[in-house]
Amino acid sequence: MELFDQLINVLASTIRLSVPLLFACLAGLYSERSGVVDIGLEGKMLGAAFAAGAVAAVTGSAWAGLGAAIAIGVALSLVHGFASITHRGNQIVSGVAINFLALGVTALLGQAWFNEGGRTPQLPGSARFLDVTLPFADSLRDVPFLGSIYANLISNQSIPTYAAFAAVPLTWYVLYRTRFGLRLRAVGENPHAVDTAGISVARLRYAAVIICGILCGFGGAYLAIAQSAGFLNEMTAGKGFIALAALIFAKWRPVPAMWACLLFGLLDAVALRLQGTVVPGIGEIPVQVFQALPYILTVVLLAGFIGKAIPPKADGIPYSKDR
Amino acid sequence: MTAPAPSGSAPPTSAPPAIELVGIDKRFGAVHANKDINLVIPKGTIHGIVGENGAGKSTLMSILYGFYSADKGEIRVDGKPVAIRSSQDAIAAGIGMVHQHFMLVDVFTVLENVILGAEGGRLVAKAEARARAELHRLETEYDLAVDPDAVVETLSVGLQQRVEILKALYRGAEILILDEPTGVLTPSEADHLFRILRQLRDQGKTIILITHKLREIMAVTDHVSVMRRGEMVAHLTTAETSMEKIAEAMVGRHVLLEVDKGPANPGAVLLDVSGVSVRDKRGVTLVDNVSFQVRAGEIVGIAGVAGNGQSELIEAITGIRAPTSGTVTVNGQPVPADPAKVRDLGLAHVPEDRHHMGLVLPFEARENAILGYQDDPRYGSGLMQDAGAILKTCETQMAAYDVRPPTPRLRTSLFSGGNQQKIVVAREIERDPKVLVVGQPTRGVDIGAIEFIHKRLIDLRDQGKAVLLISVELDEIRSLSDRVLVMFAGKVVGEVAPSTGEGEIGLLMAGVAKDRQGKGAGA
Amino acid sequence: MNGQLPRWVDYGLIPLINVTIAFFVAGLVVIAIGENPLDVVRIMLRGALGYGEGVGFTLYYATDFIFAGLAVAVAFHAGLFNIGGEGQATIAGLGVALVCLALNGQPWWLVAPLAIVAAMVFSAAWAYVPGALQAYRGSHIVINTIMFNFIATSAMVYLLTHVLKPMGQMAPETRTFDVATRLPFMKDYITPLGYDLGQSPLNLSILIAAAACVLVYLLIWRTRLGYALRTVGTNPTAALYAGIDPKRITVIAMIISGALVGLIAINEVMGTHHRLFLGFTGGAGFVGIAVALMGRSHPIGIALAALLFGMLYQGGAELAFEKPTITRDMIVAIQGLVILFAGALEHMFRPALERMFITARAATA
């Protein structure tokens, strides 16, 4: 039973750790499915986290924080769109720029405005998204296994967590069942086909990067005002890049994206759990192995040693009418 | 729906023309692509538009399809002026286009491709159901069968083109533009296409066919308009004209280039291609067991419609791509799959596409003067390049080939097409190769440069070199070669004398075997 | 690009406009914080160039940025984006530390050549893997170099906490090298001559950086390899035609790029801190991206851009001291803006300038 509780604990933290990955991963999915490579997920999420922390601290409202996070996520996405769609600039370079811009400006403004070494002020519970207890969670808690799963995994999560997991089937539906999704998938594969069908390539791609910004906004807000009680310097800590790895792992598809994010979240949860644990005969387990595993797995996957991850054909290529 | 005009007879004069272009004018920077174009296309006809590369056909059609907008002029559809600012406007006006490079999403199904942009609602399911029914109707009406659930990339080129036609018809196109539709088709696919086009016309649709193949014009069109250097130079009724007349209008003077050359003096075999086959990654055979020899002092031409394996054959001969089977020898030495080593054997190569292969456009001219010979000891030793020697080589070549401007430090992209090609030809010929493989030597090159380059090739032959000439321009092949091989579907399907009639070679190029040809020609 | 503009516009005016815009936007950020941008510029200039020690620091930072900028530029010329300089330099630190610790106590002039080789070999190896994976397996080099940055960090954390840390020490870092084994500071030579470099850590590495600029210039524009590299980077099909193997060149370019950025470890580990610790690169590997873009991948441009960033880093330190509201993160933001305007938006003003020049030409013709 104790082992089961431990398992539930690890899975609960897996879910928590995978939420920002999932938001960023789906964000990247929209962008890259439309043909715009986005290595600026990290920066967008960081900027959004800062906005969420700062605005929630000033207004005392988590929802205002979320709104600000989305606004910043979208604003940075529009910068990326302006460079890579309107001016057909190098999308990698633009993404790198956004990462540094966000890293610098958040730390700078954080210090200038709040004077707490780059943090935003500690938020009271009322200005955060706290865990929600679903109906009957407490009364069912003692039902063996299922009760615990319901009470600790399904219940007892924050609103953004539910939003993240709801975004997966929603994205699937949008992508494969709607006109917008059809066009989005088409524009990432062959923008010429979309253009000659009388649809604006630029407008579609802008729509995609805006959705990307909104989802990054959610991811940042989750970090700053749900998981933590405020913004910390560099609090994304590479999650935007792990999300990118998860996107490759998922071969740019929404449901596998969820599994990839959960897998990487699990690795993280296990690493946290095992920190300092000494296993007899082996010695202390190097948690760095778990930390590096998502990256190593991605390298192996990209090399085609286990399957092949093929991105949308027009991914990263600026569109111009002339071939 | 308008009643279809009775097949074969001229449409009633009272009906307004399907398309009327009035004074269309378009410039791209310094290039005047379309000059005051006027064109009338009656409803229910097949109208050909012919012209050489760069004559302005594609620009004109792009304007009609809303890809570019004209600087001046008016477009009328069914007699009414329409503003076509985007493809969407064109589609709304009932204009559909089948592009030379298909505008299909390879990983989508036929159905998804057909509904893209014409979904008629926010959800895909309804649109797909509607399209499925409509495809079924079109299939029966026009003999346009294709599996709606097939993924496009698994379809043959001919079927992909059919999807393009279905896309246009699904959008209610009354006017269908086809841009070089047969370039990628096998002859039987092309025949089928023409049947479909006639059927569409008989049902009252208007077809615009852009091509540079006169045979197709004669075979399928009712009227033909000829473009030259951005201008519309002739409007002809197909039944009342001849290929010669159209050709003359296209180039503005008599077509058959008379090249001044004496008889060939073939010597030893310098290039020997033996049983060469090339398959691509998917296992499709592109070059099929090709064998031939080129001797010192002769020019052997390879004629054929683009895409019949010529490019891959060149790559196999010049070491860019290893043949799947077979051998190539230059001067008795087997050719390895390394272009640098092949050059060392004395083979020079003027590639088909100078922009993508023959030149590095942002480089200075002097840097392109050594491309492929960058490791030649004349241009440096050890790690370093000898800038002085490179500059001198470039100056010499520029003088010998009258490259203008003769500025070795000018970026190559700033030279005109003809001068760029001269840079390539000079580089390859000036090193005194034993064998020269030359692809499309005069594509996109002005008349003056064409004559210059042709003369150089003859000179090279007369110096006792072996020249292999690959060109889709039959006239060029016939006027330069001493022997002509014809390629079709990856095979050499025949060898003929250059004096052989254009018709006979044309039939070979179309895959019609020689024995059947005999009957046709009534010999 | 398409060569519609004179060279001085392409290589001078356009970069200048772009960088000016980047700094203008940075000025807006300063205003948003409530400071006067002109004050800020004055403080930064004084801090970076106003006295010997400041100049020493500026040049010390610039040393790193030259290595990093050259590394990015060499890859750019071969058509590759090496975003992994940070990880490659980190691994180079390991090589330098191993050599210095193994030969601890030996004179620096004996150790330095070996340490330089170790730095270059270690980081070249770390760059080789993504290069080879791109060339022979088709993996995207940008993604892989990013992944290798993180893998390098994890590996370094493990090694420093488990293997290289002396027994009983808490901080995850190696022993400090012997005085004799350290690369000499420039202040030891220059200050006695009458120019006081203060306590600046500027060391002999700056001479290596200067040499690297010259060598990279020669490599790119004067050698056969450089010709092959540029051909592959500009037109891979033409390279195939010319008998240049793009795969081989991809791997070689990444090896050279990695080797160059690895020299950061000489400046930092052997020349400045005299020990290996986490994050000794201080993000310098990333600064190389901005430096290469701003310097248009030309060694002279890179040297100037590196100097500018050196001034920013040193001036920024001074600024953070005088105006606590403006932390050194300002520099990271400027870095982002430079990458944005000189990189991603480099062609923003080109169409307008092209129109201007075409009208001007038409008017004179």
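Two strands pair if DSSP finds at least two bridges between them. Strands (E, at least two residues) are DSSP runs, numbered from the N terminus. This is a predicted model: local features need pLDDT of at least 70, side-chain atom pairs count only at pLDDT 80 or more, and totals for chains, interfaces and linings use all residues. Residues are numbered from 1 along each chain as its sequence is written, and chains are lettered from A and ligands numbered from 1 in the order in which they are written.

**View 1. Strand β1 of chain B pairs with strand β4 of chain B.** β1(B) spans residues 19-28 and β4(B) residues 72-77. Five bridges link them in the antiparallel sense. Glu20(B) has Arg76(B) of β4(B) as its bridge partner.

**View 2. β4(B) and β5(B) form a hairpin.** Strand β5 of chain B covers residues 80-82. Three bridges join it to β4(B), and the two run antiparallel. Arg76(B) is bridged to Pro81(B) in β5(B). Two residues lie between the strands. Asp78(B), in the turn, has a positive phi of about 55°.

**View 3. Strand β3 of chain B has parallel partners β8(B) and β9(B).** Five bridges connect β3(B) to β8(B), residues 206-211. Here Val50(B) stands opposite Thr211(B). Four bridges connect β3(B) to β9(B), residues 223-228. Here Gly48(B) faces Val224(B) as its opposite residue.

**View 4. Both faces of β3(B) are covered.** In a regular strand, side chains alternate between the two faces of the sheet. Ile46(B), Gly48(B) and Val50(B) lie on one side, His47(B) and Ile49(B) on the other. Five of the five residues in β3(B), 46-50, are buried (20 or more other C-beta atoms within 10 Å of a residue's own, with C-beta atoms placed from the backbone).

Definitions and conventions:
Buried ≥ 20, exposed ≤ 12 C-beta atoms within 10 Å, placed from the backbone.
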